[in-house]
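Here is a short report for a reader meeting this structure for the first time. Look over the sequence and the model, then read on.

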Amino acid sequence: MSIDIEVLLEHDHSDDCPICRTTDVVAFTLMPAAASWEQAYELPHLSVALHGAAQFLGVMMQEGADRADLENALGVLLDDIEEQIAEDRTLGGPTQGNA
Ligand SMILES: [Zn+2]
């Protein structure tokens, strides 16, 4: 089974936009959960976040995603996030995830 990463990267601000919806899920559920695990198990700050993100990508590779395609997609998403962080700083918003 192949995974269409291009479809996952479509960002259209609709109710079922995968990027908008996932961003909310991660911000409101996964990041706080990861932070709790780090604290509860005395793990370094953001260790669960980093390795959890890598594990998700590993699952995608197990399911047939090409590593180079994943790396490209990740680059696109990180570019967008970097832009958003810069915008937030300009507006005086949060400089860190407020999880
Ligand atoms: Zn979107």
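Thr29 is exposed, because 11 other C-beta atoms lie within 10 Å and a residue counts as exposed at 12 or fewer. Thr29 sits in helix α2. The model shown here is a predicted one.

How far apart are Thr29 and Ile85 in sequence and in space? They are separated by 56 residues in sequence. In space, the C-alpha to C-alpha distance between Thr29 and Ile85 is 20 Å.

## The whole chain

The protein chain holds four helices and zero strands. Read from the N terminus on, its elements run α-α-α-α. Its C-alpha trace spans about 35 × 35 × 25 Å along the principal axes.

The protein chain has 99 residues, and 3% of them count as buried.

## Before the first helix

Asp4 belongs to the segment before α1, the helix of residues 5–8. Is Asp4 buried or exposed? Asp4 is exposed, because 10 other C-beta atoms lie within 10 Å.

Asp4 and Thr22 are 18 residues apart in sequence. From C-alpha to C-alpha, Asp4 and Thr22 are 16 Å apart in space.

## Helix α2

Helix α2 covers residues 18–40, which makes 23 residues. From its first C-alpha to its last it reaches 31 Å. That is close to the 33 Å expected at 1.5 Å a residue.

Where does α2 bend? The bend is at Val26, and it amounts to about 40°.

Most residues other than glycine have a negative phi. Glu42, which follows α2, has a positive phi of about 50° although it is not a glycine. Glu42 lies in the loop between α2 and α3. With 6 other C-beta atoms within 10 Å, Glu42 is therefore exposed.

Leu46 is also placed in the loop between α2 and α3. Its phi is positive too, at about 75°, although Leu46 is not a glycine. Leu46 has 15 other C-beta atoms within 10 Å, so it is partly exposed.

## Helix α3

Helix α3 has 16 residues. Its reach from first C-alpha to last is 22 Å, close to the 22 Å expected at 1.5 Å a residue. Just after α3 comes Gly64, with a positive phi of about 110°.

## How α2 and α3 pack

Two packed helices are described by the angle between their axes and the distance between the axes. What are these values for α2 and α3? The helices α2 (residues 18–40) and α3 (residues 47–62) pack at an angle of about 120°. Their axes are 8 Å apart.

Which residues meet here? From α2 come Met31, Ala34, Trp37 and Glu38. From α3 come Ser47, Val48, Ala49 and Gly52. The residues of this contact of α2 with α3 divide into five nonpolar, two polar and one charged.

Key:
Residues numbered from 1 in each chain as written. Predicted model: local features only at pLDDT ≥ 70, side-chain atom pairs only at ≥ 80, totals over all residues. Helix = DSSP H or I, 4+ residues; strand = E, 2+ residues; numbered from the N terminus. Expected span 1.5 Å × (residues − 1). Bend = angle between axes of the 7 residues up to and from the residue. Axes fitted to C-alpha atoms, helices over the stretch in contact; angles between N-to-C directions. Contact = placed C-beta atoms within 7 Å. Nonpolar A, V, L, I, M, F, W, Y, C, P; charged D, E, K, R; others polar. Buried ≥ 20, exposed ≤ 12 C-beta atoms within 10 Å, placed from the backbone.
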